[in-house]
Amino acid sequence: MRRDVVCLLIASLFTLGARAEMPEAFAYAWPIVAPPGGKAYLVELPQDAYAWAVRDAGLGDVVVVDAQGRQVATGPYRAADPTSHPVTLDAPLRAVPSAVDGVPGARIQRSTNGDIVIEPGSAPASGTPRTWLFDAHDEVAPERLEFPRPDHDVNLTVDIDVSRDLQDWTPRVRGASVVTLGKDADAVDARVVKLAGPAARYFRVRVTGGDAPWPTDGTAAVTLSGTVEDASARDEPVLHWLDVPVTDTRSSGQGVDYDYRLPAALPVSAVRVTLGKSDSVARLDASAVEDSLSSEALGTLVVTPDGTEGHRPLEVTPRRRDLIRLHSATPLREPPHFSVGWRADRFVFLPEGNGPWRLLVGSARARRPAWPVDDAIAALRKSEGAAWRPDRTTLGPSQEQGGRQALAAPAVPLDWSRPLLWIVLLLGAAVIVGMAASLLRKPKPGTPPPDD
């Protein structure tokens with residue numbers, strides 16, 4: 001009897017735990033409208049999905065489920081390799097003034113259309129420049145660089161670096177020789193440097209040995225040969241533009257800061273600015289604010305009142321950003337009009353299970369498994385041809401699932417083993433006490449029964 005009571009109590013406790021309803025694992029869902037018969041499907045994240053995707057999860061809380069709510073093989077979409085064609089171009093060499101000891105050197109930045117802007121340092125430079133820049137005006141995978149022919153003998157040693165944004169530089173060649181000796185049949189003319197590596201737009205030449213013979217007025221040009229991607233064949237998402245109103249204005253140092261908070265942490269890849277009718281010209285330094293102690297410099301925009309300069313976008317490294325600050329060294333009569341350009345992250349999924357499928361986004365604990373989707377897409381491209389692309393889909397209206405509760409940190413689950421152990425021990429002790437009491441009430445063997 002007592003054993004049955006104990007078992008019934010334990011079973012009841014487990015039943016109560018099993019009946020406790022858990023909140024929805026994901027914040028929001030979007031129905032996916034997919035054409036029938038596709039071998040794989042492409043989904044672009046809508047703008048409002050970024051408001052729910054946990055930033056620290058790296059979009060790992062983006063999944064696709066079938067009609068039964070089971071996840072299907074999904075992963076980030078890797079664009080097909082673009083086609084390319086050879087190109088040869090001439091680019092002027094831009095001299096960077098040498099720095100003077102104890103005085104800040106030249107400031108190098110991009111204009112709104114990406115051109116190189118070199119602002120000299122506080123003190124006039126002296127001596128032959130050791131650093132030179134040139135702009136290919138497109139991202140070129142370099143193969144060959146030919147330096148201009150000097151009018152006298154030259155023996156140089158140069159290092160060559162490349163960059164996509166004029167901020168982060170990658171070494172490409174070290175200790176290359178540039179030599180021209182003589183002018184007759186025995187002359188030495190070694191002005192070509194072989195290059196290789198990923199495409200880049202900006203190139204930096206640092207003279208490590210000898211004196212550069214090139215004029216500093218930009219009349220000398222190098223000849224760069226390589227390959228560029230065909231823009232028409234690029235497999236990339238559409239660039240969306242979003243106007244962002246100013247959210248805060250404050251004085252900062254010698255100027256004014258204008259803050260623009262985005263509706264969500266979007267993968268911003270470009271920014272552009274125009275001035276109000278009351279302002280004529282401004283120079284604005286753009287930065288993405290990470291927190292109160294750190295920020296990321298994006299570049300400088302020089303804008304004019306008619307917008308001919310500021311309307312040209314400043315391209316930046318694609319990254320999720322939600323607060324961008326413009327700093328003007330001089331106060332403006334009204335905040336600048338600010339816009340961000342962003343490209344949606346794309347995911348590809350295989351049509352497993354039964355449709356219709358749904359896109360789920362936003363979870364503090366659920367994550368997408370590491371499906372081998374890249375291998376599956378590579379196999380499809382091999383069998384279907386290089387021009388094959390996953391079928392595009394559209395999304396229906398968003399549907400709330402767990403909402404903000406799905407984004408809350410998961411509560412520490414109750415460890416039922418400890419209370420159950422105490423309950424079992426207490427019940428066992430009660431049984432033992434009951435058995436002992438029963439034994440004490442029994443008469444000893446040979447003891448006569450008590451008189452009535």
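Predicted model: local features only at pLDDT ≥ 70, side-chain atom pairs only at ≥ 80, totals over all residues.
Asp61 sits in the loop between S2 and strand S3 (62-65). Now show the backbone of Val54: its nitrogen is reached by the side chain of Asp61 at 2.8 Å. Next, display the residues that Asp61 touches, leaving aside those up to four places away in sequence. They are Phe26, Trp52, Ala53, Val54, Leu360, Val361, Gly362, Ser363, Ala366 and Arg367.

**The sheet with S2**

Select strands S4, S23, S2 and S25. In what order do the four strands form the open sheet? The order is S4-S23-S2-S25, and the pairing is mixed. Strand S4 (74-76) and strand S25 (391-392) stand at the edges; each has a single partner strand, so one side of each has no neighbour in the sheet.

Zoom in on S2 (residues 41-44) and S25, which run parallel and are joined by two bridges. To find a bridge pair, pick Tyr41: its partner in S25 is Asp391.

**A cis peptide bond**

Go on to the loop between strand S23 (346-349) and strand S24 (358-361), where Pro356 is placed. Select Gly355 together with Pro356. The peptide bond from Gly355 to Pro356 is cis, with omega near 5°. Most peptide bonds are trans.

Most residues other than glycine have a negative phi. The next two stops have a positive one.

Select His137, in strand S9 (residues 131-146). Its phi is near 65°, a positive value in a residue that is not glycine. Is His137 buried or exposed? His137 counts as exposed because its relative accessibility is 53%, and the cut-off for exposed is over 50%.

Last, select Leu166, in the loop between strand S10 (154-163) and strand S11 (169-181). Leu166 is not a glycine either, yet its phi is positive, at about 70°. Why does Leu166 count as buried? Its relative accessibility is 7%, and buried means under 20%.

Definitions and conventions. Residues numbered from 1 in each chain as written. Heavy atoms only, no water. Buried < 20%, exposed > 50% of the residue type's maximum accessible area, 1.4 Å probe, protein only. Pairing = 2+ DSSP bridges. Polar contact = N/O pair within 3.5 Å; in protein donor to acceptor, adjacent residues only side chain to side chain. Contact = heavy atoms within 4.5 Å.
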